[in-house]
Amino acid sequence: YWIRHSGQRLNDLSPLTILDRGYALAYDKNERVLRNADSVVPGDPIRIQLQKGIVQAEVLQTISETKQK
C-alpha cells in the first residue's frame with residue numbers, strides 16, 4: 001500500500017501531470033524556470049511549455065508582485 005500511495009503521489013507532482021491540469025512552465029533564455037517577473041526584462045526571449053506544445057515568446061512588460069499591491 002505505502003509504495004503504491006507514494007508512487008501515485010510522485011505522479012501527481014510530476015511536471016507533466018501539472019501540465020495536464022492546464023498549467024504551463026515558462027523558461028528564460030538560459031532554460032531556467034521563471035519564478036519571478038523580475039528575472040526577465042522587456043525584449044528577453046522566453047519559452048513556454050504547454051501540455052501540447054511550446055510557445056516561443058518575447059517579454060513585452062513585467063509587473064512584479066510588489067507593484068500589484
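Biologist: Is Asp28 buried or exposed, and what is its relative accessible area?
Modeller: Before that, a word on the source: this is a predicted model, where local features need pLDDT of at least 70, side-chain atom pairs count only at pLDDT 80 or more, and totals for chains, interfaces and linings use all residues. Residues are numbered from 1 along each chain as its sequence is written, and side-chain values use heavy atoms, with hydrogens and water left out. Buried means under 20% relative accessible area, exposed over 50%, and partly exposed in between (1.4 Å probe, protein chains only). Asp28 is therefore buried, with a relative accessible area of 8%.

Biologist: Which residues is Asp28 in contact with, leaving aside its neighbours within four places in sequence?
Modeller: Asp28 lies in the loop between strand 1 and strand 2. Contact means heavy atoms within 4.5 Å. With those sequence neighbours left aside, the contacts of Asp28 are Leu34, Val40 and Pro45.

Biologist: Which side chain meets Asp28 in a salt bridge?
Modeller: A salt bridge here is a side-chain nitrogen of Lys or Arg within 4 Å of a carboxyl oxygen of Asp or Glu. The structure holds two of them. For Asp28 the N to O distance is 3.2 Å, and the partner is Arg32.

Biologist: How many residues apart are Glu31 and Arg47, which form a salt bridge?
Modeller: The closest N and O atoms of Glu31 and Arg47 are 2.6 Å apart. Glu31 is partly exposed, at 45% relative accessible area, while Arg47 counts as buried at 17%. The pair links distant parts of the chain, with Glu31 in the loop between strand 1 and strand 2 and Arg47 in strand 2, and the two are 16 residues apart.

Biologist: What about Asp44: which side chain of opposite charge is nearest to it?
Modeller: Asp44 is found in the loop between strand 1 (25-27) and strand 2 (45-50). For charges, Lys and Arg count as positive and Asp and Glu as negative, while His and the chain ends are not counted. Asp44 is buried yet has no salt bridge, and at 4.1 Å away the nearest side chain of opposite charge is Lys29.

Biologist: Let's zoom out. In what order do the elements run from the N terminus on?
Modeller: Helices (H or I, at least four residues) and strands (E, at least two) are DSSP runs, numbered from the N terminus. The protein has three helices and three strands. Their order is α-α-β-β-β-α.

Biologist: And which strands are the edge strands of the sheet?
Modeller: Two strands pair if DSSP finds at least two bridges between them. The three strands form an open sheet in the order 1-2-3, with antiparallel pairing. Each edge strand pairs on one side only, and these are strand 1 and strand 3.

Biologist: How many bridges join strand 2 to strand 3?
Modeller: A hairpin takes the chain from strand 2 to strand 3 through two residues. One of the bridge pairs is Leu50 with Gly53. Strand 2 and strand 3 (residues 53-58) run antiparallel, and the number of bridges is six.

Biologist: Which residue is the bridge partner of Tyr27 in strand 2?
Modeller: Strand 1 and strand 2 pair in the antiparallel sense over three bridges. The bridge partner of Tyr27 is Arg47.

Biologist: Last one: what share of the residues count as buried?
Modeller: The protein has 69 residues. The share that counts as buried is 16%.
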